[in-house]
Amino acid sequence: MRSRGAFERYLNRSGWIFVAPAVALFAVFMAYPILSSLYLVTRKWKGLTDSFIGLGNFVRMFKDSLFWDSLGHNFILMVVQVPVMIALSLLFAVILHHGVRKFRGAFRLILFLPAITSLVAYSILFRILLQTNGLANNIMLDAGLLTQPIAWLNDPFWANVTIMVALTWRWTGYNMIFFLVGLQNIDPEIYEAAEVDGAPKVMQFFRITLPLLLPVILFSLVTSTSGMLQLFDEPNILTNQGGPANATMTAALYIYRQAFVLSSDFGYATSMSYVIVLLAGVLAIIQIRVLGGRNK
Amino acid sequence: MSQVRAPFSLPRILLYVFLLAVCLISIFPFFWMALGMTLNPNEVVKGTLIPGDQFLQNWDKANNNYNLPLFFANSLIIAVVTVVVGVTVNAMAAYGFEKFQSRAREWVFGVLLLTLIMPQIAVILPLFRLIAAMQLLDTYAAIILPFTMSAFVIFFLRQNFQMFPKEIMEAARVDGAGEMQIFWGMAIPSMKAGIASAAILMFISQWNSYLWPLITILSDKTKTLPLAMQSMMSAYTVEYGGLMVIVTVSLIPVLVVFLAMQKQFVAGLVGSIK
């Protein structure tokens, strides 16, 4: 018979064998690159050669108004689009859960459908739909909603609206699923008790549904915000490389262009990406607080 | 007589009308995309609701001028290999972390989870330099290898493995079974739903992946569908009909997986939220 100590060692060794492949891949393709970025941020590239620059990249970053403008675009998109989308997701979830019984499954399926499309595919579809001489304008002109076509993609203001509309189309159904799961977890007896007490539906929503869904809402809020912080595909494809005239340039797109399109200054690009890491870290702390509070 | 609720009250009808309108917006781009496959470029942009007769020409352009079969094959090979390698590696790790708990491994698990918050753009810059130094640019390996290990999938599967009773493992050990035999023969078969969700999640994220292939793929021979669509879209004269064919074809595998396995699909996408 094996001794207790030998068996423990056997279990410990087995554990390491199971996690080894993943840990090895992690070390090579995640840990090493992240650590090596500490070296990259101290280098300046000129063509293919690089030299030590110390904190020079960060000094340059603070003076780079286009970078801060780009980050500003992220925030504007975030502040306007995320609340609208979450309100819509919540509305659809409440309607599907409380309002309708017939065809509920079909409605849920159709509303979720946009969430399966690739960001590239839907960005392309919206870019074609929203051309100035395109279908969206034509429909609204024919219906008398517009007297002249809107330059969705060529006007700085409308280009931002375009991105928000597209994002809302893509993600509302996705967030709705979270809210539907949350609604299913609310005990129906609470509503029955409120009914008996004669509480109107609107009051039930604000007094019961909203507070009980708050953790899920906060979760959606944080994940959406974090997604907005990293927005890349839409401004690159839908509004054609952050156009018009950088009006929809986002931080991730600007960093990508510094590293791979305009120049190949990896040091500078990596330094700017640290700002996004920092902001993502702040969001994560909020997220842990929120979800941590939920589990108590 | 018991009271029967009126089946067609006015608010209820308005609710259905509202939902139908929202569903119409939700589904319209798909409908218009499918229609676009039958139209000439001009009609795609201006829009018409009547199917045209250009489908064969567009199909032909997508296949011959734009090499749809090659790009489809590239996307499929990359996604399938990522799923097979990724699910194996991540399921093993999830099982190792959950069923052989130790302080050191919990610490490693914590470090893995920490990387979940790393924005993609920050990892990709140094990763690109690594892949270039390894001389892997423009290969399948460059697109597959860095995205096989997924902290999220490990986390997701670990939660699933909690259901697998330790007593079964102990009984199997007494019968002389090796740890790999227990894992592959008993643990994995009991976790089909979780594995399916993980596989779907990994398939979709790799199938739709854009930023990383955009910087590591340099030639047509490894090009994936999202990149093919993007380069068609940025051409001087856009071949809209052929583009619609490629966009539609690129959505079909995801749509099929979604419709066939809705439950696992949503579980995978939404993750472990309860």
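In which helix of chain B does B:Gly268 lie? B:Gly268 belongs to helix α15 of chain B, which covers residues 262–270; helices (H or I, at least four residues) and strands (E, at least two) are DSSP runs, numbered from the N terminus. The model is predicted, and local features need pLDDT of at least 70, side-chain atom pairs count only at pLDDT 80 or more, while totals for chains, interfaces and linings use all residues. Residues are numbered from 1 along each chain as its sequence is written, and chains are lettered from A and ligands numbered from 1 in the order in which they are written.

B:Gly268 is buried, because 25 other C-beta atoms lie within 10 Å. A residue counts as buried if 20 or more other C-beta atoms lie within 10 Å of its own, as exposed if 12 or fewer do, and as partly exposed in between, with C-beta atoms placed from the backbone. Leaving aside residues up to four places away in sequence, B:Gly268 touches B:Ser197, B:Ala198, B:Ile200 and B:Leu201; two residues are in contact if their C-beta atoms, placed from the backbone, lie within 7 Å. The C-alpha atoms of B:Gly268 and B:Asn208 are separated by 15 Å, and these residues are 60 apart along the chain.

Chain A contains 12 helices and two strands. Its radius of gyration is 25 Å, well over the 19 Å given by the globule rule for 296 residues, so chain A is more spread out than a compact globule. The radius of gyration is taken over C-alpha atoms, and the globule rule is 2.2 Å times the number of residues to the power 0.38. The C-alpha trace of chain A spans about 80 × 70 × 30 Å along its principal axes. Of the 296 residues of chain A, 38% count as buried.

The contact between the chains takes 68 residues from chain A and 64 residues from chain B. Helix α1 of chain A (residues 4–40) supplies 19 residues, the largest share of the side of chain A that touches chain B. That side divides into 49 nonpolar, 17 polar and two charged residues. Ala, Val, Leu, Ile, Met, Phe, Trp, Tyr, Cys and Pro count as nonpolar, Asp, Glu, Lys and Arg as charged, and the others, Gly among them, as polar.

Within chain A, A:Tyr122, A:Ser123 and A:Phe126 in α5(A) meet A:Thr162, A:Ala166 and A:Arg170 in α7(A). The residues of this contact of α5(A) with α7(A) comprise three nonpolar, two polar and one charged.
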